[in-house]
Amino acid sequence: QPACGIFGEWHQWGCDVSKPMEEHFRRYLREKYPTVEALRNAWNDGNVTFETAKFRPETFRPGDDGTFRDPKKSRDTMDSQDSIQNTPPEAILRFADVIKKAMPEVLVGAFYGYYLGTGGNNMTIGGHLRVDKLYDAKGRVDFLCGPFCYMDNRLPDGVPMQRGLLESSRLRGMLWLTEMDQHPTSVPRLGGDISKKAETISVLRRNVLQPLFSGQGLWFYDHRVIPKFLVDHPELA
């Protein structure tokens, strides 16, 4: 699993406005728009060129209609953000190719393709909006993965959700693996409440069955249980 970004999950460190990113943006424009006229029509700007197009990926710039952007008014921002979104899957594929060349027998995947539980306003810089690039590169990348959403999944009456869209991955022939890092009910410090052991078991069973019933997989991850806490509370060990 090639990993980079926040938590190694390909969440971008922030909105990249570096010189290399701006150069990537200009290459993106030339690939997307075959002529200057096509660029001008898309941007609704009769004077813009590939050299003068402003790189302005301001993620908190107000939308033109609430949270939505009008392509005729904000195509510059939309293209700037889209060019940034392309970089995580491009990097994943580059590293995947290196791994496959060195170890052709191994499966290669990455924490990518998050759709749910991405953190509200962080969506535009989260880096997970171009999962189609990895779907289309099946074989170079064998699986996608991520933890489940830390929301309703931990409630006994909640609706379990995975970060990725399981059915979409299955229909595209891509394996999705969930990191099942479910901690016991009623934390305290992740050791759980021994009186709620039955609830912990039922919630875990429910969350495990969802990816399996969707034709996908999972692995278990011990969610950083603190050893000292278990020493102080041996009944929870």
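How many salt bridges does the count come to? The answer is nine salt bridges, and the model they come from is a predicted one.

**View 1. Helices α3 and α4 pack against each other.** Here α3 (residues 71-85) and α4 (residues 87-102) have axes 5 Å apart, at an angle of about 20 degrees. Angles under 35 degrees count as roughly parallel, so that's what we call α3 and α4. Where they touch, Ser 83, Ile 84 and Gln 85 of α3 meet Thr 87, Pro 88 and Pro 89 of α4. Sort the residues of this contact and you get three nonpolar, three polar and no charged.

**View 2. Asp 79 pairs up with Lys 32.** Their side chains form a salt bridge, 2.7 Å from N to O. Asp 79 sits in α3 and Lys 32 in helix α1 (residues 19-32), so this link spans 47 residues. Asp 79 has 0% relative accessibility, so it counts as buried, while Lys 32 is partly exposed at 36%.

**View 3. Asp 82 meets Arg 130.** This salt bridge has an N to O distance of 3.3 Å. Asp 82 is partly exposed at 23%; Arg 130, at 19%, counts as buried. Asp 132 joins these two in a network of salt bridges.

**View 4. Arg 140 holds hands with Asp 97 in a salt bridge.** The closest N and O atoms are 2.6 Å apart. Arg 140 is in the loop between α6 and β2, and Asp 97 is in α4, 43 residues away in sequence. Arg 140 is partly exposed at 37%, and Asp 97 is partly exposed at 31%.

Key: Residues are numbered from 1 along each chain as its sequence is written. This is a predicted model: local features need pLDDT of at least 70, side-chain atom pairs count only at pLDDT 80 or more; totals for chains, interfaces and linings use all residues. Side-chain values use heavy atoms; hydrogens and water are left out. Axes are lines fitted to C-alpha atoms, for helices over the stretch in contact, and angles run from 0 to 180 degrees between N-to-C directions. Helices (H or I, at least four residues) and strands (E, at least two) are DSSP runs, numbered from the N terminus. Angles under 35 degrees count as roughly parallel, over 145 as roughly antiparallel, 65 to 115 as roughly perpendicular and the rest as oblique. Contact means heavy atoms within 4.5 Å. Ala, Val, Leu, Ile, Met, Phe, Trp, Tyr, Cys and Pro count as nonpolar, Asp, Glu, Lys and Arg as charged, and the others, Gly among them, as polar. A salt bridge is a side-chain nitrogen of Lys or Arg within 4 Å of a carboxyl oxygen of Asp or Glu. Buried means under 20% relative accessible area, exposed over 50%, partly exposed in between (1.4 Å probe, protein chains only).
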